[in-house]
Amino acid sequence: MGGTGLALEVTDLSAGYGPVHALRRVSLTVPEGSVVTVLGGNGAGKSTLLRAVSRTLSFHGGAVTSGTVALGGRPIGGLTPDRVVAAGVCQVPEGRQVFARMTVEDNLRAGALGARGDRKARASALRRVHELFPVLADRSRQRAGLLSGGEQQMLAVGRALMASPRLLLLDEPSLGLAPLMAARIADTIREINAQGTTVLLVEQNAALALRLADRAYVLEVGEVALSGPAAELAASDEVRRRYLGVVDEDAAAPDAVVAHPVLSGWEETR
Ligand code: ATP
């Protein structure tokens with residue numbers, strides 16, 4: 001994907017839906033081969049960011065108002081969504097969107113439409129999906145609507161992999177899943193990345209995402225509030241308190257000395 005070493009580079013991106021400003025001057029980079037996560041609560045702008053990258057904002061009544069998105073060093077401002085897929089970027093949207101009345105097999109086949117590559121590439125993509133998610137092979141003739149929530153999430157990820165993306169965009173894959181199933185999805189994301197696919201993972205589940213990612217960005221009301229290596233963010237007191245739900249016992253003591261958050265090792269970007 002180009003010679004910049006960056007699968008994705010978002011620079012000063014602003015986007016919104018009519019009068020609603022959803023992203024303000026967001027910049028981030030996703031190095032080739034890495035897992036980068038974008039954290040943030042409801043309405044922070046995470047889905048909007050992925051839609052800007054996949055060029056699907058207009059389907060939701062939104063638009064990029066300024067800034068650029070580049071894939072492998074090439075700006076994608078003029079590309080249609082199908083050209084973005086052809087350029088090797090696939091998005092798994094929020095909410096396990098599978099074709100409920102179609103079989104598992106046909107859902108996967110639909111994922112290969114418009115993708116790069118020939119029959120052979122599709123066959124090897126299907127082998128990869130079946131190895132990652134054996135249940136999708138076992139249940140290939142069943143209607144997707146009959147799968148459990150976790151299995152539908154596997155199918156949604158599998159469908160995106162059918163296009164053999166270089167960059168996989170995942171929108172809250174753990175949403176609504178029991179902890180064990182969320183952990184299985186996380187393991188699979190790690191494996192997908194180890195096989196050479198770059199991953200941009202949007203998550204509210206900071207604990208899960210920080211375990212997976214190399215680097216993390218925290219979005220707050222459309223702006224990057226924090227960013228840094230995932231391990232350092234996970235270890236920082238402020239992130240632990242605000243995003244990982246860890247109670248700070250000292251701060252709860254009646255005569256506690258108010259400590260300044262230690263921001264060492266990662267950038268305070270606001
Ligand atoms: P969530 O985790 O709840 O999905 P998010 O971080 O993905 O949140 P976005 O969905 O990107 O956040 O929303 C960012 C802002 O844009 C919010 O204020 C939201 O209300 C608004 N927004 C999102 N989609 C639309 C839309 N289709 N039309 C109008 N406003 C929208």
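Tutor: A polar contact is a pair of N or O atoms within 3.5 Å; within protein, one atom must be able to donate a hydrogen and the other to accept it, and residues adjacent in sequence count only if both atoms are side-chain atoms. The structure above is a predicted model, in which local features need pLDDT of at least 70, side-chain atom pairs count only at pLDDT 80 or more, and totals for chains, interfaces and linings use all residues. Residues are numbered from 1 along each chain as its sequence is written, and side-chain values use heavy atoms, with hydrogens and water left out.

Student: Which atom of the ligand is 2.8 Å from G43, and which is 3.0 Å from H60?

Tutor: An oxygen atom of the ligand faces a polar backbone atom of G43 at 2.8 Å. For H60, a nitrogen atom of the ligand lies 3.0 Å from a polar backbone atom.

Student: Which residues come nearest to the ligand?

Tutor: N42, G43, K46, S47 and T48 do, out of 15 residues around the ligand (a residue is near if one of its heavy atoms lies within 4 Å). By class, this shell has three nonpolar, eight polar and four charged residues. Helix α1, residues 46-54, gives the most to the shell, with four residues (helices are DSSP runs of H or I, at least four residues; strands are runs of E, at least two).

Student: Why does R55 count as partly exposed?

Tutor: The relative accessibility of R55 is 28%. Buried means under 20% and exposed over 50%, with a 1.4 Å probe and protein chains only, so a value in between is partly exposed. R55 lies in the loop between α1 and β4 (63-71), and its phi is near 60°, a positive value in a residue other than glycine.

Student: What makes S164 partly exposed?

Tutor: S164 has a relative accessible area of 27%, and therefore counts as partly exposed. S164 is found in the loop between α6 (149-161) and β7 (167-171). Its phi is near 45°, also positive in a residue other than glycine.

Student: How many helices and strands does the chain have?

Tutor: The chain has eleven helices and eleven strands. Of its 270 residues, 46% count as buried.

Note on methods. Ala, Val, Leu, Ile, Met, Phe, Trp, Tyr, Cys and Pro count as nonpolar, Asp, Glu, Lys and Arg as charged, and the others, Gly among them, as polar.
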